[in-house]
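Q: I have a structure open that I have never looked at before, and I would like to go through it piece by piece. Could you walk me through it?

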Amino acid sequence: MTLIKENITTTKYSSYNTILTHFHAAADILGISEEQQRKLVTPEKQILLLNFPVVLDNGKTRNFEGFYVIHSTLAGPARGGIVYGPDLNLHIVKAQAAAMNWKSALAGIPFGGARGGIISDPAKLSETERARLTQSYIHALNDVFTRDQRRPVQDMLHWLLDEFSILHGKSISAIVTGKHLISDKVPGRIRATGNGVSIATLLAAKKQGLSPGNTTVAIQGFGNVGLNTALSLYERNFNVLAISDINTSYYSPYGIDVRNLAAYAQQNNGSIKGYPHATPIAREDLPELDVDIFIPAAREHIITGENAGKIKARIIVEGANSPITPDADKLLHANGTLIIPDIYANAGGAIISYLEWLQNNLHEVWQVEQVQARLEEIMTRNLEDIFKYAEKHRVPLRTAAYIIALERVLDQQKIVDAWYRSAEERQEAIPFFIRETHAGGL
Ligand code: NAD
């Protein structure tokens, strides 16, 4: 079917278009009507917060703009982090809220999807300014948050938690996940997404008959996802031959000692530039290296129709969100590349957040081994489901993953629709005079 026009932005490669393209491909296979597809891609709530004030370090007040999008609460509390960026717009935030919703549905966890966004350049703000910015944003959103209903995640959550607890006059720990260890955080949270990507990589390698010791990997990005993926793969005995960040790339035919590189970056302001134990290569060459597995873990749309034909890896595991444009996706699939889709591969953080929420609500303290075992169990089961659906519908793994997510969302929708129907039936059953009295404005 044709894409639902008002949801498509004019930019060819916007992350919103990419996510909608994947959604519609799966929805068409399931035979979902256009009206129902429109309903499923339309957010429950979009909040534009204009002009919320922040006091800067120089004492002056500056107003910032932000968004908050709740894609859906059908499955449970809407969860999603806050993004900061100078070029942020509502489309990006909407795309990420929708992706979060379908990611949770696919993972089988009882959360909906949401995303917050603040138009700002975090690099140009001091740490205290960033804290006040986040607090002011949360303050402006207080009416939207209710206990246990929304669940933003990111590394400044202690500010959010403080602000929300102040507003409510008590400590509320389950309102946010991804907290600092001191406040009911589940062990393994910081490494969760990268750890999940490494589990996905291990399972995908096994499916292709590869064992870690004989498998070569290139990883683009050395931030939260890239670094922790690289560390986990190194610990699992994979041969990580190349790693890049925004400035540079390094390659070693013997494998990079990722722990050593991580320690080097830590002492070098987070940058890998100047690392002495590997050979520098051009940053744009890394995705095209002759390795078994390529893991894009930096940003969206780095593989396009232009460079897809040059990718040599047999397997691509999407650590980043939407690293492959829809046209490149088709080309790679036609060439036989196994693509482990983002909606599954980078869901480790979302799954661990669920485990954290569960731990907080049960008032329990879990050990790192328990959390790791649950994460592996959930990711293994989900990948098996994706492969089964791909075979059943004869579609790529990405479409299969979306089909599973959509089937689960539709099941939730049926429950809610039934509830509304019975509410209407209940309304019909109310005696006539009571309805008339109510309509009279009492
Ligand atoms: P980050 O900012 O911590 O790290 C990004 C890394 O990519 C940095 O090392 C940066 O130098 C590098 N980079 C940027 N542009 C690059 C380029 N053109 N070539 C090579 N390296 C480049 O971000 P992150 O949290 O690691 O997130 C990375 C991606 O993963 C994003 O798409 C994000 O949406 C997605 N993601 C993150 C999480 C999470 O928990 N952090 C969860 C799911 C998905």
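**A first walk through the model**

Q: Where is Ile 219 found?
A: Ile 219 is found in strand β7, and please keep in mind throughout that this is a predicted model.

Q: Is Ile 219 buried or exposed?
A: Ile 219 counts as buried, because its relative accessibility is 0% and the cut-off for buried is under 20%.

Q: And what does Ile 219 touch?
A: Leaving out residues up to four places away in sequence, Ile 219 touches a list of residues including Gly 226, Leu 233, Val 240, Ile 243, Ser 244, Leu 286 and Ala 297.

Q: How far apart in space are Ile 219 and Asp 245?
A: From C-alpha to C-alpha, Ile 219 and Asp 245 are 9.2 Å apart in space, while along the sequence they are 26 residues apart.

Q: What about Gln 220, where does that one lie?
A: Gln 220 lies in strand β7, which covers residues 216-220, and Gln 220 is buried with a relative accessible area of 13%.

Q: Which residues does Gln 220 touch?
A: Not counting residues up to four places away in sequence, Gln 220 touches, among others, Ser 244, Leu 286, Phe 294, Ile 295, Pro 296 and Ile 302.

Q: Let's step back for a moment. How many helices and strands does the chain have?
A: The chain has 14 helices and 13 strands, and of its 442 residues, 54% are buried.

Q: What share of the contacts comes from residues 24 or more positions apart?
A: Among the contacts in the chain with a separation of 6 or more, residues 24 or more positions apart account for 67%.

Q: Now the inside. Which residues touch the most other members of the largest nonpolar core?
A: That core has 83 residues, and the ones that touch the most other members are Trp 102, Ile 243, Ile 340 and Tyr 344. Helix α13, residues 397-429, gives the most to this core, contributing ten residues.

Q: What does Tyr 344 touch?
A: If residues up to four places away in sequence are not counted, Tyr 344 touches Leu 106, Ala 200, Leu 203, Met 379, Thr 380, Asn 382, Leu 383 and Ile 386.

Q: Where is Ile 316, and is it buried or exposed?
A: Ile 316 is found in strand β12, residues 315-317, and Ile 316 is buried, with a relative accessible area of 0%. Its contacts, not counting residues up to four places away in sequence, include Phe 294, Ile 303, Leu 332, Leu 338 and Ile 340.

Q: How far is Ile 316 from Leu 338?
A: The C-alpha atoms of Ile 316 and Leu 338 are separated by 6.3 Å, although the two residues are 22 residues apart along the chain.

Q: Which helix holds Thr 399?
A: Thr 399 has its place in helix α13, where Thr 399 is buried with a relative accessible area of 12% and touches Ala 25, Ala 26 and Ile 29, not counting residues up to four places away in sequence.

Q: Changing topic to the ligand, which residues come nearest?
A: Of the 18 residues around the ligand, Thr 193, Phe 222, Val 225, Ile 246 and Asn 321 come nearest. Sorted by class, the shell around the ligand has six nonpolar, nine polar and three charged residues.

Q: Which atom of Asn 321 lies 3.0 Å from the ligand?
A: A polar side-chain atom of Asn 321 lies 3.0 Å from an oxygen atom of the ligand. For Gly 223, a backbone N or O atom lies 3.2 Å from an oxygen atom of the ligand, whereas for Asp 245 a backbone N or O atom lies 3.3 Å from a nitrogen atom of the ligand.

Q: How much of the ligand does the protein bury?
A: Taken alone, the ligand exposes 830 Å², and the protein buries 70% of that.

Q: One last thing, what is phi at His 363?
A: Phi of His 363 is near 55°, a positive value in a residue other than glycine. His 363 is found in the loop between α11 and α12, and His 363 is exposed, with a relative accessible area of 74%.

Q: And what about phi of Arg 394?
A: Arg 394 has a positive phi of about 50° although it is not a glycine; Arg 394 is found in the loop between α12 and α13 and counts as exposed at 77% relative accessibility.

How values were computed. Residues are numbered from 1 along each chain as its sequence is written. This is a predicted model: local features need pLDDT of at least 70, side-chain atom pairs count only at pLDDT 80 or more; totals for chains, interfaces and linings use all residues. Side-chain values use heavy atoms; hydrogens and water are left out. A nonpolar core is a set of buried Ala, Val, Leu, Ile, Met, Phe, Trp, Tyr and Cys residues joined through side-chain atoms within 4.5 Å. Buried means under 20% relative accessible area, exposed over 50%, partly exposed in between (1.4 Å probe, protein chains only). Helices (H or I, at least four residues) and strands (E, at least two) are DSSP runs, numbered from the N terminus. Contact means heavy atoms within 4.5 Å. A residue is near a molecule or strand if one of its heavy atoms lies within 4 Å of it. A polar contact is a pair of N or O atoms within 3.5 Å; within protein, one must be able to donate a hydrogen and the other to accept it, and residues adjacent in sequence count only if both atoms are side-chain atoms. Accessible areas come from the Shrake-Rupley method with a 1.4 Å probe; for residues, only the protein chains shown count as cover. Ala, Val, Leu, Ile, Met, Phe, Trp, Tyr, Cys and Pro count as nonpolar, Asp, Glu, Lys and Arg as charged, and the others, Gly among them, as polar.
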